[in-house]
Every structure is written in structure tokens, then in C-alpha cells.
Amino acid sequence: MIAASLLLAPALVLSAPVAQADPAPAPEGASAAPGNATADDVLLDGRRRPGFEKKLPDKVEQDNPGAVNAPEPEAFYDKYDGEGPLDSLSLDVAVPDRWRIVSSLCPKKDAKTGVTDRAIFTLYPNLAAACHSQLDPFHHNLLKGDQPLARGKRPGFLKGDDWFLVLNGISDTVVEPRSFPIPVGNQTTSNPNEIDTFGRSNSLVLSQTFIVGASLLKGLTAFKPPVVEYRIVLAGNINHVEVPARRVLFVEPSKGTKRTDGFIGVQEAFVDYHIGRFDTKRFDFVSLRAGVQPFQSDFRGFLFQDNQLGVRLFGNRDNNRWQFNLAAFWRIEKDTNSGLNDFTKPLRRNWIFTGNLYRQDFPVVGLTSQVSVTYDMNREDRYYSDENGFPVRPALLGDLRPRQYDVVYLGYALDGHVGRINLTGQVYGALGEDRNNFLTSRPATIKAFMAAAEISYDKDWMRFRASGLWASGDSDPYDKVEGGFDAILENPQFAGADTSYWIRQSIPFAGGGRAISVNGRNGILNSLRSAKDEGQSNFTNPGTVLAGVGGDFDLTPNLRVSANANHLWFQNTKVMQVLRNEGSIPKSIGWDLSVSSIWRPKAAQNVVFRLSGAILAAGAGFRDLFDQRNHGRQFYSVLANATLAF
């Protein structure tokens, strides 16, 4: 009867006619003009907000003389004490909680014979849809936190009820053929006939990552944040790289042109404690999280996105209209070839202090605004080389002295929609002091800026978008101001993200700097850093300008195709002219053209296959830097990726 009632109730609700509420008058003192509307006043035509009616129905009076109350549950079965498994299929056995009302009817495997009696499915054929293996990620099961741990099946130190266990596993496979300018010389070439500055450009990357995680949390998380959560995530990576030239993978020429490496890192290990609630009706909360944890400073990952050791205080207010974060991080060294956290090395002398505040439906309904302040304090005073032997701190530019700096990033961002127009925007100003400019060997003031925006429009199964980014470059490397914008650790989801050639690939800056890249892998800024993960921010750089268009096309519920066309420029090439000792370098980097497909055979994120291809048609500035005998005009990148998740 219980199961039947649960199955019939939705049908009765859906079949009932929907009463149209009369529009309520505007609150006293409020304007009826659309420009002054709030989120509470805006309802889409023909839609109703669940649980909210501006005009209440008439009160229902129930008068049933002589009615008999329902008997107590003990009249039908003995009260279940929560100890031991539920072995019986009889309906007169209680269930420990509401999560197991239906699953308690599923047939159990006989302990002696190992056979499951499926006869009940003949009587209740629809019951089979609720009875699945615990290893099935597409249906409710105990291992994914869909059911709480029974009191008789959990460790004794877990006090109280509503403890959930969440296990997850991810397999991420990458196959990436690519080409980029590879410098050669007398010491680095493996081809005796190759004496030009740039040689063959083809290379291959193979990478396999396994991620396993476990969370133990307490609380009815469907309605409110967990009271406490313990989480740990480990990641193991095996990678193989092949390049055509020596001293690309290792600083020693004798180590050749192939490298296979592996590493295991701790990506998350934290405790999240729910301090309390501001409003018991709205479940506004404050939580404290301490340990290795993920953090993203803005909507699209322009400034800082990483898993770092830190303490974070976060919460919300006013029915989730206000949200805030206050955090401090002590940066962990990264493994060079996998990018995973490496706790076998001392922590970096680099600290990040950040705070941000979100406001929903501001400045207009549908948009969320964010203001942020981030302080990057760097006190690294030692020389540091990566696992392959290349010096990365300080970068091999200029006087080669260790660098220390203090930078404050002031940011404003918005994300959401205005009507049917989707909009994302970000503005940052970087202000501070570099205690050693690598060209002047004197302190310098940091004053750099960045702005980015993306606008899109949805039409049925298609989305069309336009993207633009401007990051300032340093106009005079020898003055007392560093004007090139750089991030802390960027990972931008913007203008095609990692399907874009320029964002996906790292281009070495040959000549004028050793082991220096124009841009970083999975980064968009032309920062002239030694490494994005292990290097330091550099504000004496040429800056970046991007303008592009693109589209996403959902051909089926399981298949999406995306295309992007971006044009890139250096904002100012004066720094590169000094480092390369050239009189002039054009600003045009070139056209970045890419197309990608995402196939989800189960229409979920548990099984995802991606295939993308991109080319860079070099512009005048890129050819000036890298073109040798017409071999530096076009480069390609192919990314094949398979992700399996539980």
C-alpha cells in the first residue's frame, strides 16, 4: 500500500487542473515599472513557482463526525530498532528510513545458494526499475550517498543519524598529437642535417589519470548543507611524451627525446564543519573548511583555480541571494609532468589571501554580480629547478636574481542572463610592488589590468556566442612600472577553452630567454613565465588581446558539436623587442580555429568522449618570432579524451 500510494500520488497531482492566480498588486511603496522589479515579482508567463501563490485559496474546513483515527504502527508490526539487516520481504516489517521504502521490497540473494528469487517481479514488474546493483552509477545506491548508512552498519564513532558515504572514481584518458615551434641547436638536435633555429614540430602526448575520492558527511543534504563532511581525493597519473629534439623534455641532452613518468598526488583532504544558520526557515548557513581543497576565484577561472592547502569560511544570507568566501592558502609544490600536488617537497613561500561577495539578481534580475579582493604575497628567495632539471624560479630572464612581490587583485564579475541574452564579464586590476625587476634590478610598481566578456544567444538547439579579452602589456620594460597583466594560476573556461590551440598549447619563447614560454598550457595570457604551475607571476610581459566567435550545436541529446574562431594579438611587443634584440615585432599572433565534439552515450556525465582539432594560422607577429624557411606558418593540435566516472 505504501509503494502504491507513492506511485499514484504524482499522477493525481499532474492530472489536477492548475488554478491561475490573479496578479497581486505591487507592494506598498514599490514601483510597477519593469526596471524596478525584483526576483520575487518576476514570474514567467504561464509558469508557477512551486510553493508560492500570490493569492491564497479559500480555507478548507474538515468536518467528519465519528471518524476513527488510524491504528498505531505497533498494531501491524514490531517496531524496528535499526539493528541488523532487513531480511524479510513481508510488508509488515518496518523500514529504518524513507530512503528504503521501495528498495526494501527488492529480493535478496540467498546466503547459501547465492540465487536471487525474482518471482516478486512477476507480481510487481515496475519494481525492477528500483532494484539495481550497488555498482550501478545510474541509479540510487548506498555508495553514492543516495541512502544513509544504517546504524548497525557504520563505525561506532559516527554518532547520530543521517550519515552518508559518497565514493567516486574517475578514469581520464588523453591522446594528444600536436605541433608547435621547437628550437634546436648544435647541442639539442637529434638530426645531424638540422641546423636551423627551429626544427621539426610534431610531438605526441599520452596521459592516463585515475582519481578516487571518498566523502563521509552528516545531514539531510537535500534540504541544507551537511553538518560535517570529511573528504579525501587521490589522483594517480602516468604520462608519455615524444618530441623530435633534445633538451625539450630534459635539461641534459643525453636523456633523449622520449619520457615516461608517473606520480600520485593528494588533490583533496579537508574537513568541512557547518558552524550554524542565520535563518532556520531559509537554511542560510556559515561553514568552515580546512585542508587541501578546490577553489576558483571567479566564474570562468581567469585568476586562480587550483587545489591548495588552506582555510576557507563561506556561507550565504537572505535566502541565498548573498554568498561570500573568505580564504587563505599556502601553495603546495606541483609535480612537473603531471601537475598534481607534491607533498614530498616543502611548501612554497607563497600565500594567497582572498575574499569575494556574490549578489544574485543584481544589477538586474537574472544576473549575479561578484566583487573580489585577492592578495598574492610571494617571498620565494631560493633557486628552484623542476623535475626535468630546468630552472623555474626565478625565470631565466634578465639578472637571474630571486624575485619577491606583493600584488592585490581587485575584481568585478557578472554572470547570468538578461532576457534571452546570456552574459559573462570579468574585470581585474593588479596593483602592487615587484621588489626586483629582472631588467632594471630595482623595485618597480605593478599596475596592470584585464577585461573579458562573452555574450551568447540560444536558438532552439543552437547557441551562438562572441568573446573578447584584453590584458594590458608592458609598454616600457625599463621604467619603474610593470604594466603586463598576469594571473596567479589561470584555467580559463572561455573562447573554446582547452579545445583552442592557443589555450591548450604552450609556445616556447626561443631567443631572449631560456626555458620560457610565451603562454602557459591551459592558459590564455601571454605572460612569459617559466611555468604556469611552478613558476612566478611575471608583470613584464606583452599582454594579450582576443576577439572571437563560436557556437554550440546539440545535434542530439547525446551529441554536441562546437566551433570557435579566435584572432589573437600581443597588446604591446616592446618587451619581446628588448628580449629578442629586435627593432620591431608585429602584434598579430594569428587565427585560432577549432572544432570539437562531445558524445555522452548515456546522456549523463558518467561516460563522456571528446574529440577536438585546432589549427593556428600564424599572423605577422608569430611568423616574425618563429618562422624559419616557411615552416612556422601553421600548427595543429588534436585532443582525444575519454572520461569514465562513478
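Biologist: Which cysteine does the disulfide join to C106?

Modeller: In this predicted model, the disulfide joins C106 to C131, with an S to S distance of 2.0 Å.

Biologist: How many disulfides does the structure hold?

Modeller: One disulfide.

Biologist: Is the link of C106 and C131 left-handed or right-handed?

Modeller: The link of C106 and C131 is left-handed, with -90° about the S-S bond.

Biologist: What does the pair tie together?

Modeller: C106 lies in the loop between α1 (2-15) and α2 (120-123), while C131 lies in the loop between α2 and β1 (163-179), so the pair ties together parts that are 25 residues apart in sequence.

Biologist: And is C106 buried or exposed?

Modeller: C106 counts as buried, because its relative accessibility is 10% and buried means under 20%.

Biologist: What about C131, buried or exposed?

Modeller: C131 has a relative accessible area of 18%, so C131 is buried as well.

Biologist: Let's move on to the chain. How many helices and strands are there?

Modeller: The chain has five helices and 21 strands.

Biologist: What share of the residues in the chain is buried?

Modeller: Of the 646 residues in the chain, 43% are buried.

Biologist: Last topic, contacts. Take those between residues at least 6 apart in sequence: what percentage join residues at least 24 apart?

Modeller: For that set of contacts in the chain, the figure is 61%.

Conventions. Residues numbered from 1 in each chain as written. Predicted model: local features only at pLDDT ≥ 70, side-chain atom pairs only at ≥ 80, totals over all residues. Heavy atoms only, no water. Disulfide = S-S within 2.5 Å. Helix = DSSP H or I, 4+ residues; strand = E, 2+ residues; numbered from the N terminus. Buried < 20%, exposed > 50% of the residue type's maximum accessible area, 1.4 Å probe, protein only. Contact = heavy atoms within 4.5 Å.
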